[in-house]
Amino acid sequence: MDVKEIRIEDFDYPLDDNRIAKYPLAERDTSNLLYWKQGIINKYHFYNLPELLEEGDLLIYNNTKVIQARFHFKKTTGSTIEIFCLEPHSPIDYNLAFQSNKRCEWKCLVGNLKKWKEESITNSITIKGHSIDLTAKRLGKEDDMTHIIEFSWNEDDITFSDILLYFGELPIPPYLNRATEEKDKTTYQTVYSKIDGSVAAPTAGLHFTQKILDKLTAKGIKEKEVTLHVGAGTFQPVKSETIGNHPMHKEIISVKLSTIKELLISINHIVAVGTTSVRTLESLYYIGCHIYENPQNPSLYVGQWEPYQSNYSLTVEESLQSIINYMVSNNLEVINASTRILILPSYKFKLVNKLITNFHQPKSTLLLLISAFTQGDNWKEIYKFALNNNFRFLSYGDSSLLIR
């Protein structure tokens, strides 16, 4: 069957609003943990994770950090324009965008657009004791949903990072159906978050505590980090009847040379923390194939349908070694790439052996990924077990450990 003909209706399940966790538990690692391996399902707590993993396993975390990406501009008429910053447009590099002073451009979603009739909106805000005028100006459209917005301000000592911190709001998921609260600034970040750039948390990591991390290390379980800045597309529902008409969002990934070397050593023991880590890791195989075929000028981009339309003969080891050789020859400590990879039933996993993940929305690309990982209709038994055993769902909900 052509994967583009997969019907999204086949990946539905009943999820009442009262099953969606609106807030996290007071102690992160006391959340429930569903364990699945080859049809066997058991219920544990997340603090049991060190017992369920094996010495020599390699945990891969996504160290991205959620930024306060939602702005509310008040108009003199009393209406509010919401601007949701998705990713930098100019400068395109996240660090340069955050350190911009005076102006920068971002790709944004705009709420209450009909009320924004003028070219620009200006609000006065106070940052670090400075009163500044912050202006948002529409420059054009990226696509049907996304606008290019220029932000400018009249204070050299203020960076866009400062503006996000003092004027922005943390964008919690829309399905929580509540306003962002002060405590979300802590609870909606992983304990190992480091690199600013996401507009949504890699939520599988929200269950980890320093105590759990210490126990994993004591057992001989290794850990490395990757970075994938999660975009708003992670919440984008599949509106088409078949997956072939769903455009997958592009995301930026960054992986250190030391991480790729460790992946090569631990090829049969890779544990992805979250679907974002899965997408990053699986994209590496295709990046390595591109480098092998064209080492002088490789494409560092993975297309949505590439896994189903390509026929690479490289082993995973050969692909990773190609990346290592490329990075060493070009004196790169970090490789930056982009991916639209869409993981669907019939996908052949290249790197990930075990997956730690939350419970995802019905009819979502994330649920399709879970179906691919657990093969066939096993996802239905997993989710049925979770529903029947009072697991909490979505971002602030409970977790699972799935073993292929």
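**Close-up views of a predicted model**

**View 1. A six-stranded open sheet.** The strands of this open sheet follow the order β5-β6-β7-β10-β9-β8, and their pairing is antiparallel. Strands β5 and β8 (120–127) lie at the edges with a single partner strand each, so one side of each has no neighbour in the sheet. From one strand to the next, the twist averages 40 degrees. Strands here are DSSP runs of E with at least two residues, helices are runs of H or I with at least four, and both are numbered from the N terminus; two strands pair if DSSP finds at least two bridges between them. This is a predicted model, in which local features need pLDDT of at least 70 and side-chain atom pairs count only at pLDDT 80 or more, while totals for chains, interfaces and linings use all residues. Residues are numbered from 1 along each chain as its sequence is written, and side-chain values use heavy atoms, with hydrogens and water left out.

View 2. Strand β5 (residues 70–74) runs antiparallel to strand β6 (residues 80–90), and five bridges join them. Look for Phe73, which stands opposite Ile81 in β6. Five residues separate the two strands of this hairpin, and Gly78 in the turn has a positive phi of about 100 degrees. Strand β6 also pairs with strand β7 (residues 103–111), in the antiparallel sense, over seven bridges. Cys85 has Cys108 in β7 as its bridge partner.

**View 3. Strands β9 and β10, with helix α3 on the sheet.** Strand β9 (residues 130–141) and strand β10 (residues 147–153) run antiparallel and are joined by seven bridges. Lys141 finds its bridge partner, His147, in β10. Helix α3 (residues 160–167) packs on the sheet, touching β5, β6, β7, β8, β9 and β10, and its direction makes about 75 degrees with that of β5. Contact means heavy atoms within 4.5 Å; axes are lines fitted to C-alpha atoms, for helices over the stretch in contact, with angles from 0 to 180 degrees between N-to-C directions.

**View 4. The largest nonpolar core.** This core has 81 residues, and those touching the most other members are Leu34, Tyr188, Leu263, Leu281, Ile335, Tyr383 and Phe393. Helix α7 (residues 275–293) gives the most to this core, eight residues. Apart from it lies another core of 33 residues, including Ile132 and Val199. A nonpolar core joins buried Ala, Val, Leu, Ile, Met, Phe, Trp, Tyr and Cys residues through side-chain atoms within 4.5 Å; buried means under 20% relative accessible area (1.4 Å probe, protein chains only), exposed over 50%, and partly exposed in between.
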